Amino acid sequence: AFVAGLEPTFAVVRSKCPSMEEPDVQLVGTELLASEILQPGRSTKKEFATWVASLTEEELKEVLTKRKAYKETALADMKAMQEERKKREEEIEAQRQKMIEQQKKAREERSLVFNPETGKMEIIDRKEEETKK
């Protein structure tokens, strides 16, 4: 039923909007037909044909604009999501760098070290460490 109704619907859209490009004609026609078929029992084929024929060029262009807005909205949402993700990743990387610097500073400034032989924390002898280097 859907495929059989495509060409007649496209023909009506073409006749109402002669300046509309073919991909847009197909998009509008498919959208109109899909909205009709997705709700079974909404109307008969004849009622659908009468309804499509009664639509003005402005109404058909409005359907096209609304349908294209989904893609534009999705693209805008995707761009916003990508920017948020990038910002989050930058924040995580900044935290990671801060932790690395804190660890480096702690290694340089710490005064105690764990001695696995005794199982105790012991004071670091900086002079002894420097002579080992």
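Helix α2 (residues 22-37) and helix α4 (residues 57-109) have axes that come within 9 Å and cross at roughly 90°. Therefore α2 is roughly perpendicular to α4, a label for angles of 65 to 115 degrees. Axes here are lines fitted to C-alpha atoms over the stretch in contact, with angles from 0 to 180 degrees between N-to-C directions. Helices are DSSP runs (H or I) of at least four residues, and strands are runs (E) of at least two.

This is a predicted model, in which local features need pLDDT of at least 70 and side-chain atom pairs pLDDT 80 or more, while totals for chains, interfaces and linings use all residues. Residues are numbered from 1 along each chain, and side-chain values use heavy atoms, without hydrogens and water.

Where α2 and α4 meet, α2 supplies Asp24, Leu27, Val28, Glu31 and Leu32, and α4 supplies Leu60, Val63, Leu64, Arg67 and Lys68. Contact means heavy atoms within 4.5 Å. Lys66 also lies in α4. Its C-alpha is 9.9 Å from that of Val28, although Lys66 and Val28 are 38 residues apart in sequence.

Two residues can be set side by side by accessible area. Exposed means over 50% relative accessible area, buried under 20%, and partly exposed in between (1.4 Å probe, protein chains only).

| Residue | Relative accessible area | Class |
|---|---|---|
| Lys66 | 54% | exposed |
| Phe114 | 47% | partly exposed |

Phe114 is found in strand β1. Together with Leu112, Met121 and Ile123, Phe114 forms a nonpolar surface patch of about 440 Å² of accessible area. Patch residues have over 30% relative accessible area and no salt bridge, with nonpolar side chains joined within 5 Å. A salt bridge is a Lys or Arg side-chain nitrogen within 4 Å of an Asp or Glu carboxyl oxygen. Strands β1 (112-115) and β2 (120-123) each supply at least two residues of this patch.

Methods. Patches are made of residues with over 30% relative accessible area and no salt bridge: like charges are joined within 9 Å, nonpolar side chains (Val, Leu, Ile, Met, Phe, Trp, Tyr) within 5 Å. Accessible areas come from the Shrake-Rupley method with a 1.4 Å probe; for residues, only the protein chains shown count as cover. Angles under 35 degrees count as roughly parallel, over 145 as roughly antiparallel, 65 to 115 as roughly perpendicular and the rest as oblique.
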